[in-house]
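Subject: Structure handover

Hi,

Here is the structure I promised to pass on.

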Amino acid sequence: MARNSKEVKDHLGHVYPDTVTMCIAYKIPLQTYKARRAKGYSVQQALEIHPQRRINEEKHKYILSFGYPKMPWEKENSMC
């Protein structure tokens with residue numbers, strides 16, 4: 001018998017045959033769901049939170065302070 005073989009419900013009340021099927025329906029990896037639940041997330045949070053992309057802070061600071069770097073073929077006073 002499979003490890004996650006008992007029926008589970010999501011926060012909306014939908015019943016799934018197992019946790020794997022529920023995670024597939026929400027398009028998240030099973031390990032992500034398990035890790036979130038272990039951290040104390042609710043079922044809804046574990047299933048619906050989408051990660052934010054992390055910005056490379058040093059690159060972001062550079063771009064904000066100086067603007068985008070010019071390409072070698074771009075002229076200094078280009079009117080594009």
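A quick definition to start: helices (H or I, at least four residues) and strands (E, at least two) are DSSP runs, numbered from the N terminus. What you have is a predicted model, where local features need pLDDT of at least 70 and side-chain atom pairs count only at pLDDT 80 or more, while totals for chains, interfaces and linings use all residues. Residues are numbered from 1 along each chain as its sequence is written, and side-chain values use heavy atoms, with hydrogens and water left out.

**Overview**

The protein has four helices and two strands, in the order β-β-α-α-α-α from the N terminus. Of its 80 residues, 16% are buried (buried is under 20% relative accessible area, exposed over 50%, partly exposed in between; 1.4 Å probe, protein chains only). The protein exposes about 7,400 Å², with 55% of that coming from carbon and sulfur atoms (Shrake-Rupley method, 1.4 Å probe; for residues, only the protein chains shown count as cover). Among contacts (heavy atoms within 4.5 Å) with a separation of 6 or more, 18% join residues 24 or more positions apart.

**The core**

In soluble globular proteins, nonpolar side chains tend to be buried together. Here the largest nonpolar core has nine residues: Val8, Tyr16, Met22, Cys23, Tyr26, Ile28, Tyr33, Ala46 and Leu47. (Such a core is a set of buried Ala, Val, Leu, Ile, Met, Phe, Trp, Tyr and Cys residues joined through side-chain atoms within 4.5 Å.) Helices α1 (19-25) and α3 (43-48) are the elements that give two or more residues to it.

Val8 sits in strand β1 and counts as buried because its relative accessibility is 16%. Leaving aside neighbours within four places in sequence, Val8 is in contact with His14, Val15, Tyr16, Asp18, Thr19 and Met22.

**Asp10**

Next, go to the loop between β1 (8-9) and β2 (15-16), where you'll find Asp10. This residue is buried yet has no salt bridge, and the nearest side chain of opposite charge, Lys9, is 8.5 Å away.

Is Arg36 buried or exposed? Arg36, in helix α2 (residues 30-38), is buried because its relative accessible area is 13%. Its contacts, not counting residues up to four places away in sequence, are Tyr41, Gln45, Ala46, Ile49 and Pro51. The C-alpha atoms of Arg36 and Ala46 are separated by 5.4 Å.

Lys27, in the loop between α1 and α2, is exposed, with a relative accessible area of 76%. The phi of Lys27 is near 60°, a positive value in a residue other than glycine.

Cheers

Conventions: Lys and Arg count as positive and Asp and Glu as negative; His and the chain ends are not counted. A salt bridge is a side-chain nitrogen of Lys or Arg within 4 Å of a carboxyl oxygen of Asp or Glu.
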